[in-house]
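Subject: Structure for your review

Dear colleague,

Please find the structure below, handed over for your use. My notes on what was found in it follow directly after.

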Amino acid sequence: MESDSYQKDMKSLVEKPHVVVVGAGVVGLSVAYRLLLADYRVTIVARDFPQPFETTDAKTQINYTSLWAGAHNRWVLPADDLDLGGKRDHSFALATFAHMDHLASTHGTETGIAFTTGVEYLEDPVPALYKDLTESEATKLGIRAFQLIDKKNLPEDVAWGCEYRSWCVNPMVYCMFLLRRICLLGGRTRNMALRALEEAFTLQASNCSIIVNCSGTGFGDAAVFPTRGQTVLVAEDCPATITRQNQDGTWTFCVPRPCAGGTIIGGTKQPNDWSTEADPDVRQHLLEAFSRTNPRMFADGRQPRVLRDIVGRRPTRRGGMRLEMETLAGNHCVVHAYGLGGRGFELSWGVAEAVLDLVKSQPSRSTSSPS
């Protein structure tokens, strides 16, 4: 009887549609997890997989962007009703917020997720992300616990501020949590660098149904370019995520990393910059700018305890993310889901839901809904 049951389970497993996810960053892991919940058979193929931040060489894995991310929720609202891309991204951010809330509630600190207050400061609020936003309008947009900050409580040179409920994650704790859940659900992994996307169709004994391209760079997509970012990790804890838009168009921010991960202070955006070296002058500028924004964190002449300078490359795409189905030679189907720039964590679960819809749209490859 046990043998019959085992054979029946194996037959059921083999009959499930098989999807290969290329890439094990936060988007690839989220997509793989969502497909497994929807009863697909999933293999992740990637050059880099999650590992502890503390033992990872920042230079050799500079392109594994998810490792170096600030990894938090910051609302980026649509410019107007005609901003369809902005409206889509906001819906993805809302979906991700709900998933993060669910995971933190059901799995606790092992997820590396923490909910906290998000603070926004604007030196020049015209045009501004939230300038005319009221509490009732914010609620309609799904922003929780939104409130304006009284001008007398704003830092020097800041003209406008608000706060809201937000989340942040320790990226490697979170990514390793996702990978463990994927493996527990029967997902498989292959540690290799693909020479071409089509190579993924040849990796398993049983042919896969669809490839999901979460590679970040898109395998030769001419619209993709690297955006270098430098941040600094300090040992001190900050009780909120803080983002400040400066008069000159630059940004100052901090993101606490849960699970005793310190605080990320940033940051820079340098398109098409391939340098792997951290600039000590940039580090000093980041710390000084943040000290002006949140002087209480380093009050009484205290100096931050710097743990590491961080340099990462965000795969950015002109025109925004690519999220679509493509049919290759041989009737092979690829779902492209890459090019999110610095918003991979913020939009990850919304993208995963959209990928699932695209995979299910192929009648010969679809399967049952998630239980």
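Helix α2 (residues 26–37) packs against helix α6 (residues 171–184) at an angle of about 30°, and their axes are 10 Å apart. The two helices are therefore roughly parallel; angles under 35 degrees count as roughly parallel, over 145 as roughly antiparallel, 65 to 115 as roughly perpendicular and the rest as oblique. Axes here are lines fitted to C-alpha atoms, for helices over the stretch in contact, with angles running from 0 to 180 degrees between N-to-C directions. Helices (H or I, at least four residues) and strands (E, at least two) are DSSP runs numbered from the N terminus.

The crossing of α2 and α6 is left-handed, that is, the near helix is turned anticlockwise from the far one by less than a right angle. On the α2 side the contact (heavy atoms within 4.5 Å) is made by Val26, Leu29, Ser30, Ala32, Tyr33 and Leu36. Helix α6 contributes Tyr174, Cys175, Leu178, Leu179, Arg181 and Ile182. By class, the residues of this contact are 10 nonpolar, 1 polar and 1 charged. In that division Ala, Val, Leu, Ile, Met, Phe, Trp, Tyr, Cys and Pro count as nonpolar, Asp, Glu, Lys and Arg as charged, and the others, Gly among them, as polar.

Please note that this is a predicted model, in which local features need pLDDT of at least 70 and side-chain atom pairs count only at pLDDT 80 or more, while totals for chains, interfaces and linings use all residues. Residues are numbered from 1 along each chain as its sequence is written, and side-chain values use heavy atoms, with hydrogens and water left out.

Turning to the strands, an open sheet of 6 strands has the order β6-β2-β1-β7-β15-β14, with mixed pairing. Two strands pair if DSSP finds at least two bridges between them. Strands β6 (188–191) and β14 (322–328) are at the edges with a single partner strand each, so one side of each has no neighbour in the sheet. On average, and with direction ignored, neighbouring strands of this sheet are turned by 20° against each other. Strand β14 is joined to β15 (residues 332–338) by 7 bridges, and the two run antiparallel; within this pair, threonine 327 stands opposite cysteine 333 in β15. Helix α8 (residues 344–360) packs on the sheet and touches β1 (18–22), β7 (210–213), β14 and β15. The direction of α8 makes about 25° with that of β14.

In the loop between β15 and α8 lies arginine 343. This residue counts as buried, at 15% relative accessibility; buried means under 20% relative accessible area, exposed over 50%, and partly exposed in between (1.4 Å probe, protein chains only). Leaving aside neighbours within four places in sequence, arginine 343 is in contact with Arg74, Val76, Asp89 and Ala93.

Of the 6 residues of β10 (residues 251–256), 5 are buried, so the strand is largely enclosed by the rest of the structure. Strand β9 (residues 240–245) pairs with β10 in the antiparallel sense over 4 bridges, and isoleucine 242 stands opposite cysteine 254 in β10. These two strands form a hairpin with 5 residues between them, where glycine 249 in the turn has a positive phi of about 90°. Strand β10 is also joined to β11 by 4 bridges, again antiparallel, with phenylalanine 253 opposite glycine 266 in β11. The hairpin of β10 and β11 has 6 residues between the strands, and cysteine 259 there takes a positive phi near 60°.

Some backbone geometry deserves mention. Most residues other than glycine have a negative phi, and most peptide bonds are trans. The peptide bond from glycine 266 to glycine 267, however, is cis, with omega near -5°; glycine 267 is in the loop between β11 (263–266) and β12 (270–271). Alanine 145, although not a glycine, has a positive phi of about 55°, and is exposed with a relative accessible area of 57%. Asparagine 272, in the loop between β12 and α7 (280–293), has a positive phi near 60° and is partly exposed, at 48%.

Aspartate 279 is also in the loop between β12 and α7, and counts as partly exposed at 32% relative accessibility. Not counting residues up to four places away in sequence, aspartate 279 touches Arg228 and Gln230.

Yours sincerely
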